[in-house]
Amino acid sequence: MPELPEVEVVRRGLERWVSGRTVAEVQVLHPRAVRRHLGGAEDFAARLTGRTTSVARRRGKYLWLPFEDGAESVLAHLGMSGQLLVQPHSAPDEKHLRVRMRFADDTGTELRFVDQRTFGGLSLHDTVPGAADGLPDAIAHIALDPLDPAFDEAAFHTALRRRRTTVKRALLDQSLISGVGNIYADEALWRSRLHYDRPTATLTRPRSAELLGHVREVMTAALAVGGTSFDSLYVNVNGESGYFERSLDAYGRENEPCRRCGTPMRRRPWMNRSSYFCPRCQRPPRPAAVPPLSARVPS
């Protein structure tokens, strides 16, 4: 599933090619693509028509197009295979085209939502009152991401220490820090030499700051090359893939030598996913000591 770098690449494409254009027509070709819009497909199309989009925005893995009137925004979630493509009117329809949005100008391009697995979707939502960026109320609970200038490092550390959880679970908790998924969590943990099952309560402030720094580094590096594409399902608005897969140090490298110490990398099942790590550089936490039976059973 696309994570922060991939979604940011798409957002930048929308900002360049879609922001500031007036919607002339919306065609919903598959109702599942707008299933999160409570009014249904016809209402979705009718309420977008005639409105002018503002600058595309993103929070974590979510992106949205606010309208210039500030009252509502179109929220997009790419799911596992969703694509927002800017195509010429004359381009053949994609096999899994779900929504088409045409504009009232002579640019000759339209916005298409393509989704093979139909896990993603578009929906219209009210803007959070007072939110200058048009934040949809449906994602008001999503935390700021680590690349946001307003991200609070001290609050992040405090929240980490308070959570009774492990470090990778915390990184994937979108109410704590948004935009991090399985790929970039494994990458940041490898760079930090932290095992994915390390309890968050054991992280000192310098250690959590180091981890956060590596999260930012790996996401910035991925963003510079268009994100990570393992197949043709993730592409930018021009249909181009990202190239960060070539630079991955942990994710997907089972049995390959660790780039630091040469030890074969391992993969372990984790929360219906996989975790990739170096057994030497990222040693698992020691199990908590069990008190002797005499100390646990009253005499």
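Two strands are taken as paired if DSSP finds at least two bridges between them, and helices (H or I, at least four residues) and strands (E, at least two) are DSSP runs, numbered from the N terminus. The structure is a predicted model, in which local features need pLDDT of at least 70, side-chain atom pairs count only at pLDDT 80 or more, and totals for chains, interfaces and linings use all residues. Residues are numbered from 1 along each chain as its sequence is written, and side-chain values use heavy atoms, with hydrogens and water left out.

Strand S6 (residues 97-103) pairs with two strands. Strand S1 (residues 23-28) runs antiparallel to S6 and is joined to S6 by 5 bridges, with Val26 opposite Met101. Strand S7 (residues 109-115) is also antiparallel to S6, over 4 bridges, and here Arg100 stands opposite Arg112. S6 and S7 form a hairpin with 5 residues between them, and Gly108 in the turn has a positive phi of about 85°. Of the 7 residues of S6, 6 are buried, so the strand is largely enclosed by the rest of the structure; buried denotes under 20% relative accessible area, exposed over 50%, and partly exposed in between (1.4 Å probe, protein chains only).

Helix H1 (residues 4-17) has 14 residues and reaches 20 Å from its first C-alpha to its last. This span is close to the 20 Å expected at 1.5 Å a residue, the expected value being 1.5 Å times one less than the number of residues. Because 10 of its 14 residues are buried, H1 is largely enclosed by the rest of the structure; among them are Leu4, Val7, Val10 and Leu14. The cover over these buried residues includes strands S2 (57-59), S3 (62-66) and S5 (82-88), S7, and helices H5 (182-192) and H6 (205-224), contact meaning heavy atoms within 4.5 Å.

H5 and H6 pack at an angle of about 125°, with their axes 8 Å apart. Axes are lines fitted to C-alpha atoms, for helices over the stretch in contact, and angles run from 0 to 180 degrees between N-to-C directions. The contact is made by residues including Tyr184 and Leu189 of H5 and Leu211 and His214 of H6.

An open sheet of 4 strands has the order S2-S3-S4-S8, with antiparallel pairing. S2 and S8 (121-126) stand at the edges with a single partner strand each, so one side of each is left without a neighbour in the sheet. The twist averages 30° from one strand to the next. S2 and S3 are linked by 3 bridges, and Arg59 has Tyr62 in S3 as its bridge partner.
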